[in-house]
Amino acid sequence: MKTKVLGSSLIIAGTTIGAGMLALPLVSASLGFFTASLLMIGIWAIMSYTSLLMLEVHQYGDQSATLHSLARQFLGKHGQKVATFSMLFLFYALCAAYIAGGSEQFHSKLNELLPFELSNFASTIIFTCIVATIITFGTKTVDIINRGLFTLKLIMLVSILFFLTPSITGEYLLALPVEQGVFITALPVIFTSFGFHGSIPAIVNYLELDVKKIKISLLVGSSLPLIVYLFWQGMTLGLLSQNEFGQINGLNQFITEIQSTIDHQFIQQALSLFADLALLTSFIGVSLGLFEFLRDSSKKWQQSSIVTALLTYTPPLLFALFYPQGFIMALGYAAIALVILALFLPVALVISARKTKKGSEYQVIGGNSALIAVVAFGVLIIASQIISSL
């Protein structure tokens, strides 16, 4: 069982450390390292807290319950509709972004290995089918594969940090925010980078609703990304100045700029592989959450993994095929859906659960004051996203 707790923690961490990590230095460079780090720690604390709220609510549902069934149980039909919409919007937006971004990298790597050239269309379909096959075999298979991928990702990150640390410029890390407005732009992106709540129901089911083990998995799984993010921020923000970051336009240019500071070819390849793994592990975690959610949404699909897989991957695949440049757009609007999923709904569910259920095995500390603070923070995120989109 200890290995399942470890595996569950790595699924959460792998889901969190995805494409958002690659975007973090781009949006937080103008904030400066210390300001961005404090913001990350605060967001991590709030997201970890609401994940524990979800664990409290899960005590009153079936072991295999997802947000769909929990929302129906505690918030009624209208609450269930809100939960379903936010979950589907978030998961499909993220899956579309990961397919669009991941298949582009997959296409490049695949054509380097094959004696013939595949089209982008074919590469996108193959990439999606590989991940769909993994998810269809269930959480146990995802656990085993994700452990290997996450371990490899950490090895690549440690190697990059080891070789690049001597090149870090302390003056860059001490830089202050360049202007007040950058906080509004950075907040939604950093917030989205800590999203893993969609994977909680699959973890609850996998660990058989053992509250103690699930709590450990949630806290460890959410803390690992924070540690990795802080090291990653320290390295990237210490290599390039704020002016240099201001001239970067897009993820590929960012990776190229970082690679240009590296003399070792192995580390250049390690950085490229790390970017690939960051997308892949996050895509797997998000896919697992969407797959389990759709299977729980209708009894007709519960016995057919193939049908559920088709419902999971067909919409985002079509989006990625016919609108491949939608990677950034899909990630941008995911923040609002994540606020509903990871902040508003956990608060609403736990308030209802505490009114109707007494004598629970586990109840999160903080009381109503903490719940109000979570809602206020969610409103701030939505306002920041709207302002930054104008």
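## A first look at helices and salt bridges

Helix 3 passes helix 10 in a right-handed crossing. Keep in mind as you look around that this is a predicted model. Helix 3 covers residues 33-58 and helix 10 covers residues 211-239; their axes are 10 Å apart and meet at an angle of about 165 degrees. Because angles over 145 degrees count as roughly antiparallel, that is how helix 3 and helix 10 are described relative to each other.

Glu56 is buried, with a relative accessible area of 0%. Its side chain meets that of Arg354 in a salt bridge. This pair links distant parts of the chain, as Arg354 sits in helix 15 (residues 327-356), 298 residues away from Glu56. Arg354 also counts as buried, at 16% relative accessibility.

The structure holds three salt bridges, and here they are:

| Salt bridge | N to O distance |
|---|---|
| Arg354 and Glu56 | 2.8 Å |
| Arg147 and Asp143 | 2.7 Å |
| Asp210 and Lys213 | 3.4 Å |

Arg147 and Asp143 are four residues apart in helix 6 (residues 139-164), so about one helical turn separates them. Arg147 is partly exposed at 23%, whereas Asp143 is buried at 1%. In the remaining pair, Asp210 is partly exposed at 27%, and Lys213 is partly exposed at 25%.

Finally, visit the surface. Phe85, Phe89 and Tyr333 form a nonpolar patch there, with about 340 Å² of accessible area together. Phe89 belongs to helix 4 (residues 67-113) and is partly exposed, with a relative accessible area of 37%.

How values were computed:
Residues numbered from 1 in each chain as written. Predicted model: local features only at pLDDT ≥ 70, side-chain atom pairs only at ≥ 80, totals over all residues. Heavy atoms only, no water. Patch = residues over 30% accessible without salt bridge, like charges linked within 9 Å, V, L, I, M, F, W, Y side chains within 5 Å. Areas by Shrake-Rupley, 256 points an atom, 1.4 Å probe, with all protein chains shown as cover. Salt bridge = Lys/Arg side-chain N within 4 Å of Asp/Glu carboxyl O. Helix = DSSP H or I, 4+ residues; strand = E, 2+ residues; numbered from the N terminus. Buried < 20%, exposed > 50% of the residue type's maximum accessible area, 1.4 Å probe, protein only. Axes fitted to C-alpha atoms, helices over the stretch in contact; angles between N-to-C directions. Parallel < 35°, antiparallel > 145°, perpendicular 65-115°, else oblique. Left-handed = near helix turned anticlockwise from the far one by under 90°.
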